[in-house]
Amino acid sequence: MSPVRLPAVIDGFVADAKPLGIRGLSLRDLGDVLYSDFDDQKPVNREQSRIIAEWQFAELAEAFPDLMVSGGNAYSLPYAKTIVNAPASANGFNIEDETVPFYQLVLHGYADIAGKPFNQADDQFSRANILKAIETGTNVYYRWTAKLPPELSSSEGRLFYANHYADWFDEAVKAFEEVNEVLRPVRHLTIDKHERLAEGVYRTVYEDGTAIIVNYNDKPVTMKDITVEAESYWIGGT
């Protein structure tokens with residue numbers, strides 16, 4: 001059974017939004033979640049749902065050139081300019097020895113990428129999140145609300161337990177300024193290599209030869225003639 005296209009919904013939205021001069025849209029989980037519909041008359045399986053999502057992406061991309069998605073499944077990649085909540089680490093299972101930023105290795109230079117919001121990261125040590133962004137070439141990303149957590153009484157609102165903008169603004173500005181200073185020159189470049197040099201020390205090499213070594217350890221690390229300070233990074237060439 002072929003999936004049912006819903007042009008009226010998309011066309012109506014585009015017609016209403018274009019006069020507002022909007023160039024970008026955040027499509028949230030359209031690039032991350034596929035739903036099945038088990039309706040007896042018009043069932044839709046996950047593959048059909050994927051095709052419908054691709055049609056929606058194609059139509060929206062024509063009207064709004066800057067699309068942002070969460071998660072960034074493969075069918076969204078030809079259309080997304082910005083991807084947030086991109087995977088940046090392994091699941092942490094005991095069978096896993098090392099995390100490889102495969103997603104960033106493949107997509108860096110083709111889209112702007114950010115991982116989980118810093119204010120909802122598993123590690124609430126801001127320095128670790130900054131170093132991870134620099135290691136993987138990803139952007140600083142915070143998710144905020146204007147209301148205080150107690151004012152968000154819905155079940156969905158309770159997920160925003162650490163999102164009040166005033167609590168994070170100064171930290172976010174400092175993080176952005178530091179990460180942007182490092183990554184701005186390589187923003188549009190592909191990543192040629194990522195490797196573990198030692199425990200807690202990683203090197204990322206970009207297509208122009210720029211190399212960034214990140215040291216997560218609480219002590220300086222020296223390799224050959226290069227010293228990387230504790231919880232810091234070194235920028236140079238290959």
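Tutor: A term to begin with: pLDDT is the predictor's confidence in each residue, from 0 to 100. A contact means heavy atoms within 4.5 Å. This is a predicted model, where local features need pLDDT of at least 70, side-chain atom pairs count only at pLDDT 80 or more, and totals for chains, interfaces and linings use all residues. Residues are numbered from 1 along each chain as its sequence is written, and side-chain values use heavy atoms, with hydrogens and water left out.

Student: Where does pLDDT stay under 50?

Tutor: Over residues 1-5, for which the model has eleven contacts beyond four places in sequence. The protein averages a pLDDT of 86, and 88% of the residues score at least 70.

Student: Which elements have the lowest and the highest mean pLDDT?

Tutor: Helix H1 (residues 7-17) has the lowest, 72, and strand S7 (residues 210-215) the highest, 98. Helices (H or I, at least four residues) and strands (E, at least two) are DSSP runs, numbered from the N terminus.

Student: Now the holes. What is the volume of the largest pocket?

Tutor: About 640 Å³. On a 1 Å grid over the protein atoms alone, a pocket is an open set of points with protein on both sides within 12 Å along at least five of seven lines, whereas a cavity is a set where a 1.4 Å probe fits but cannot get out; lining residues have an atom within 4 Å of a point. Grid points are joined across faces, edges and corners, and a volume is the space filled by probe spheres set on the points.

Student: Which residues lie nearest the centre of that pocket?

Tutor: Ala88, Ser89, Ala128, Asn129 and Lys132, out of 23 lining residues. Helix H4 (residues 126-136) gives the largest share of the lining, six residues.

Student: And how many cavities of 30 Å³ or more are there?

Tutor: Two, from a search of the whole structure. The largest cavity has a volume of about 70 Å³, and its lining includes His108, Asp112, Ile113 and Arg187.

Student: Different topic. Is alanine 86 buried or exposed?

Tutor: Buried, because its relative accessibility is 3%; the cut-offs are under 20% relative accessible area for buried, over 50% for exposed, and partly exposed in between (1.4 Å probe, protein chains only). Alanine 86 sits in the loop between strand S3 (80-84) and helix H3 (102-107).

Student: What does alanine 86 touch?

Tutor: Leaving out residues up to four places away in sequence, alanine 86 touches Gly71, Tyr103, Gln104, Ile113, Ala114 and Gly115. Ile113 is also one of the residues lining the largest cavity.
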